[in-house]
Amino acid sequence: MGGSSDVPALRRGLAVLRLLAGRPGPLSAAAVARELSLPRSTTYHLLAELTAAGFATHFPEERRYGLGVAAFELGSAYLRHDPLERLARPVLRRLVDTVGRTAHLGVLHGSEALYLVREQPRHPTTIVSDVGVRLPAHLTASGRAVLSRLPAAQVRALFPGPFVDRTGRGPRNLPALRRLLAVERRRGWAVEDGYVTAGFASVAAPVFDHGERPIAAITVTFRHVCETEAECGETWPDLATETRRAAEELTTRIGGRA
């Protein structure tokens, strides 16, 4: 790389890669130029350079371009470094120090919530949501924090059959889940009170990627007892404020947008 004049070219090359990565199939050079408002000559030059470096692939019969093997290798290397967990850990630590409760980072794995990171206060309480544990997403606050920001069709595809029940609480069918997700989407955070383990509650807020897609959730879990689901109506807005602040910080750290 030379001087600062190379920076615009780099930015344009990265814009081309993001465009190719965001489409379901290959694109023509004309489509790339149109989408990014680039001159045709510049577009062909960028595509040629990306193809030579292995980040793009040219399909001559189709006159289109797609991602190359080098892009796959780069993505695989990214995953090997566990970037989400590494960036989340200090955020969770600060959250735990602030609220004095256990905090988790969870992701949606099919119809389950998978916990990747856990940070605990000095005197932790035994809870079921440990690292590596998978729980029914419709029952967990972390799972529903993500589900509430997904398209309705995707939610429907994830829950085609009978709903798992652990404590007799929580949504028992798709219409009930949709109603709950609509409330939590408007509110901005998800609440779980005894749905997973009796005597424990959680609040969770979603984390977003650069395309404003929900990719994870930060959850705070704590002891709370109410006798029946009808009597449980707390939403813990003060605790949710801190949880949302942590989720927004992690969103920023990973280059996401909420």
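Predicted model: local features only at pLDDT ≥ 70, side-chain atom pairs only at ≥ 80, totals over all residues.
Trainee: How many aromatic pairs does the structure hold?

Mentor: Two. Rings of Phe, Tyr and Trp (its six-membered ring) pair if their centres lie within 6.5 Å; planes under 30 degrees apart are stacked, over 60 edge-to-face, the rest tilted.

Trainee: Why is the pair of Phe 159 and Phe 163 called tilted?

Mentor: The centres are 5.4 Å apart and the planes stand at 35 degrees, so the pair is tilted.

Trainee: How do you know whether Phe 159 is buried or exposed?

Mentor: Buried means under 20% relative accessible area, exposed over 50%, partly exposed in between (1.4 Å probe, protein chains only). Phe 159 has 9%, so it is buried. Phe 163 has 16%, so it is buried too.

Trainee: What makes Phe 222 and Trp 236 an edge-to-face pair?

Mentor: Their planes are 80 degrees apart, and the distance is 5.0 Å centre to centre. Phe 222 is in strand E8 (residues 214-223), and Trp 236 is in the loop between E8 and helix H9 (237-253), 14 residues apart. Helices (H or I, at least four residues) and strands (E, at least two) are DSSP runs, numbered from the N terminus. Phe 222 has 6% relative accessibility, so it counts as buried. Trp 236 has 14%, so it counts as buried.

Trainee: What lies over the face of Phe 222?

Mentor: Arg 101, at 4.9 Å from the ring centre. The rule asks for NZ of Lys or CZ of Arg within 6 Å of the ring centre and within 35 degrees of the ring normal.

Trainee: Which residues of H9 are buried, and what puts them on the same side?

Mentor: Leu 239, Ala 240, Thr 243, Ala 246, Ala 247, Leu 250 and Thr 251 are buried. They cover an arc of only 145 degrees around the axis, so they sit on the same side of H9. The arc is taken from the directions from the helix axis to the C-beta atoms. Asp 238 and Thr 252 are exposed, on the face turned away from the buried side.

Trainee: What is Val 107 in contact with, leaving aside neighbours within four places in sequence?

Mentor: Contact means heavy atoms within 4.5 Å. The partners include Leu 84, Leu 116 and Ile 215. Val 107 is found in strand E3. Its relative accessible area is 16%, so it is buried.

Trainee: Why is the link between Arg 93 and Asp 97 called a salt bridge?

Mentor: A salt bridge is a side-chain nitrogen of Lys or Arg within 4 Å of a carboxyl oxygen of Asp or Glu. Asp 97 has 57% relative accessibility, so it counts as exposed.

Trainee: How many salt bridges does the rule give?

Mentor: The count comes to 10. Among them is Glu 242 with Arg 245, at 2.9 Å, N to O.

How values were computed
Residues numbered from 1 in each chain as written. Heavy atoms only, no water.
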